[in-house]
Amino acid sequence: MQHHDELWALPATELIARYRRRELSPVEVTDAVLARIEQLDPTINAYVTRTPELAMENARAAEQAYLRGQPGAVAGVPVAIKDLTPTRGIRSTFGSLLYADHVPEEGTPDVERLIEAGMVMLGKTTTPEFGWKGDSGNRVNGPTRNPWNLERTAGGSSGGSGAAVAAGLATLAQGSDGAGSIRIPASFCGVFGLKPTTGLVPRVPSSTSFHSHIGPMTRTVRDAALLLSVTAGYDPRDRFSWSSGIDYLAEIERGTDISGLRVAWSPDLGYATVDPEVAAIAESAARRFEELGCELIEAHPDGPDPWPAMEVIFAVSQLSRHLDDLEEVRDRLDPGRVELLEYARTISAEDIMRAHAEWNRQYHLWREFMAEYDLVLTPTMACPPFAAGTHRPETVAGQPTTYLGWTGFAYQFNLTGQPAASVPCGFTTDGLPVGLQIVGRYRDDLTVLRAAAAFEAIAPWPQIATPVVESPPG
Amino acid sequence: MDATDICYLSAVELIALYRSRQLSPVEATEAILARIEEVDPRVNAFVTVTPERALDDARRAEAAYREGGETPTLAGVPLSIKDLVPTKGIRTTRGSLLDADWVPDFHPVFVQRLYDAGAVMLGKTNTPEGGWKGETTNRVAGTTRNPWNLEKTPGGSSGGAAAALTAGMGPLAQGGDGAGSIRIPAAFSGVFGHKPSFGRVPYPGSSPLQLAHCGPMARTVADAALMLDVMAGPDSSDRFSLAKAPSFAEDIQGGIAGLRIAWSLDLGYATVDPEVAELTTAAARRFEELGCIVEEAHPGLDDPWEMVDILFTVGQAGSYAGRLEEVAPQLDQGRLRQIERAGHWSAVDMQVALLKRDEYWDGMRAFFETYDLLITPAMPMAAFEAGRDFPPEIDENSTNYLKWTPFTYPFNLTGQPSAAVPCGFTSEGLPVGIQITGRWRDDATVLRAAARFEDLAPWSGARPSL
């Protein structure tokens, strides 16, 4: 907390308030964040591509906008974009050697909206190759290190975004989540992350990535509400996108009373194996919802682990990157991912239809369950962060793990499409962050944000990791 | 007004007569039930008729009108539901021997909305098995015939729905459309059918792979708009359901002057019967009389049949995953030939199709930045003989089993709103239709354009002699 007044540690809502009062300029803040990046990022490796000149240009434009009295919603706020998102005119590697020098000509709707709203573009954050795993090692620039413990992973696939926000290397970061990829690094890095409802933030291409959702990663819930408000809403390029018509930040500012909500707590969703220390920390955090006036009931829907369906959906989505050239490019791919692609090639069209049928059953199973509950709480992750640059934890609670099977709390809601957030809720005895997952009804992202803000008010978390480079490991 | 005249009243007319007490819902329902008894043995539009249920509904509506005050939107209006749609307590065969005795204990929310709006439930209309083809024959209920010529098909898969409308067996019919199944029979039978935007009418079971849409079919545009008002609107049972739109029934009152309309006789790849070409070209030109700018143009995209083939065929096969051999003898053998192909496709084929579908969507979306509407023939030919799987030009073993519907399936891929509108008759006396397609989610403009065309060239007065 000692860094609280540093410019790079201030939340976006605070920056904007001070910009408006002319107490602070976007140029000063951008300078401070860029200096922080220069100091720490060689160690943390949150960025694959930095855009300091563009950032300063954006900052100067924002400064003018405030002087003219016409600033956009995030004018002058330093933002990092995950490198799985193609950005017009800025190198976008997707964590892959195949795209190490790729500069897209087209951008995406959410980033266009951020540009329009005056963001300061800091650069692109590290991700595993095409987001294939829950760590952010890759062959272009990885791995990203956890600011709380540099030996550990920042998680993935939005690991660069999680680490950047945690260490004060960005005020806001964009992430995307196909099987937990916002919530895994949010939990591991001790920041807030929201995977919104399917389609709330438009994304392209839509047909092959329907399980994957773009969302905010921030240090405060209000900042996430702000980022979501700017990026959400229908865009014709994503025919499954939709508008909620809600200003999330304004709604949170109006109040965070969640008393009277019926909240289900599940330590395992009936199928997950969880590290006992993580389970205990998450459970005591969940209990605090009683202090917020909620009725807390231990419950989960009576369904199987949906991993078999998720594995098919995730694997074929990865395969869609290499439909005709796998043999040709195999040597340049991450060998761990090649195994996944080999498996994907054995999947039939009928297997996909069956997985989609299960996907649909999961939606309805949870829809019926959520008729009884406003929210569901679970641990976000089954374990604390594991070794940086590896593919997954070797074991969880003594049990060996499978590919992404250890992220069972997370991928469940990629299938149902429900909004799901991770809020920091404590630390292990080793000093590693633990997250609590808050899940809402389909399309009710607001209640998730409101509950997270209510929890944040009674259980505030450290805003900035104290990276070890300032006091090197002994 | 004789009993047959009552059967050919529109829903809008029925409601006006109910309100002014010139006709009662019970009288209208009795007339239509009598009509079904009289003509349906020849037409075979219904798999299951529910006369007792219909009369109960009608009496309830009659009481509501008698009490006065606000009556629900469709109080006393008889309608039918396609037999692919589960209906609680009413047999639902899905056109399949496997479901010949199935009585579901649930139905989708749009059925409940129609009931809650006071509609009179007439029964379930015929469909080929699983809605697999553009003709309506199955092993449960046999062949539905076209009331304009009983030797011909009314089209499919909502063939029972269209034939019921044409023959005066209810003013409203619900249809479903996975590759053209509302628009094919609407065109072949001379009625109006609207495939709404994907998600406009919530339907559980929707998935991102899905091509199917549920929508209204009627003898007039105003009736379809009224029915769509009741069916549409968000519901948690469908992840893709769209937000509530303003009333279509009100919106269709407006004009369409100034709209930019693209007219294409072939989308760059279709072959159209000369007589159908002549009738549809003349119809498209009439939009100039309505103040529209009509230009000959199409998006320049290749025939997307291969994408449709894999998505539609694998979807058809999905119902029998893991038990196809076991059920094969009971299936429609023409359909079996198609769904047996599903096992040969891989994940790569599927992902290629999905990525191409996204590209196709982008191409179509770009085209609609220039044009408000795209008009084409609804079908490239008039109705063919009933009982065949495809028109005679297509060989029985062809894998192109729906390729003869080249104008309809593109808009199942894109989810755009698309309606079939009657525009005349061939020299043989068979109906021909144009298709009006709008921007994604802009059902209102499609319906409004159809309504203005209907003003110029009304069709609902034409009745087949049965």
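Trainee: Which residues does T127(A) touch, not counting residues up to four places away in sequence?

Mentor: In this predicted model, T127(A) lies in the loop between β3 (120-125) and β4 (145-146) of chain A. Not counting residues up to four places away in sequence, the residues that T127(A) touches are K82(A), D83(A), L84(A), F94(A), G95(A), S136(A), N138(A) and S157(A).

Trainee: Does T127(A) count as buried or exposed?

Mentor: The relative accessibility of T127(A) is 1%. Buried means under 20% relative accessible area. With its 1%, T127(A) therefore counts as buried.

Trainee: How many of the residues of helix α14 (residues 408-416) of chain A are buried?

Mentor: The buried residues in α14(A) are G408(A), F409(A), A410(A), Y411(A), Q412(A), F413(A), N414(A), L415(A) and T416(A). Helix α14(A) is therefore largely enclosed by the rest of the structure, the count of buried residues being nine of the nine.

Trainee: How does F427(A) count by its relative accessibility?

Mentor: F427(A) has its place in strand β14 (residues 420-427) of chain A. Its relative accessibility is 32%. Buried would require a value under 20% and exposed a value over 50%. F427(A) therefore counts as partly exposed.

Trainee: Where is E295(A) found, and which residues is it in contact with beyond its neighbours within four places in sequence?

Mentor: E295(A) is found in strand β10 (residues 295-298) of chain A. At 42% relative accessibility, E295(A) counts as partly exposed. Its C-alpha atom is separated by 6.2 Å from that of L261(A), a residue 34 places away along the chain. Leaving aside neighbours within four places in sequence, the contacts of E295(A) are L261(A), R262(A) and V263(A).

Trainee: How are helices α7(A) and α15(A) oriented to each other?

Mentor: Two packed helices are described by the angle between their axes and the distance between the axes. Helix α7 (residues 221-231) of chain A and helix α15 (residues 445-458) of chain A have axes 9 Å apart, at an angle of about 155 degrees. That angle makes α7(A), relative to α15(A), roughly antiparallel.

Trainee: Which residues meet where α7(A) packs against α15(A), and into which classes do they divide?

Mentor: From α7(A), the residues are V221(A), R222(A), A224(A), A225(A) and L228(A), and they meet L449(A), A452(A), A453(A) and E456(A) in α15(A). The residues of this contact divide into seven nonpolar, no polar and two charged.

Trainee: How are helices α5(B) and α8(B) oriented to each other?

Mentor: Helix α5 (residues 109-116) of chain B packs with helix α8 (residues 221-231) of chain B, their axes being 8 Å apart and at an angle of about 115 degrees. The two helices, α5(B) and α8(B), are therefore roughly perpendicular.

Trainee: Which residues make the contact of α5(B) with α8(B), and how do they divide by class?

Mentor: Helix α5(B) contributes F110(B), R113(B) and L114(B), while α8(B) contributes M227(B), V230(B) and M231(B). By class, the contact of α5(B) with α8(B) has five nonpolar, no polar and one charged residues.

Trainee: What is the radius of gyration of chain A?

Mentor: Chain A has 15 helices and 15 strands. Of its 474 residues, 65% count as buried. A compact globule with 474 residues would have a radius of gyration near 23 Å, and this agrees with the value for chain A, 20 Å.

Trainee: Why is chain B described as being as compact as a globular protein of its length?

Mentor: Chain B contains 16 helices and 13 strands, and its C-alpha atoms fill a box of roughly 60 × 55 × 45 Å along the principal axes. For 466 residues the globule rule gives 23 Å. Chain B is described in this way because its radius of gyration is close to that figure, at 20 Å.

Terms used. Residues numbered from 1 in each chain as written. Chains lettered and ligands numbered in written order. Predicted model: local features only at pLDDT ≥ 70, side-chain atom pairs only at ≥ 80, totals over all residues. Heavy atoms only, no water. Axes fitted to C-alpha atoms, helices over the stretch in contact; angles between N-to-C directions. Parallel < 35°, antiparallel > 145°, perpendicular 65-115°, else oblique. Contact = heavy atoms within 4.5 Å. Nonpolar A, V, L, I, M, F, W, Y, C, P; charged D, E, K, R; others polar. Rg over C-alpha atoms; globule rule 2.2 N^0.38 Å. Buried < 20%, exposed > 50% of the residue type's maximum accessible area, 1.4 Å probe, protein only.
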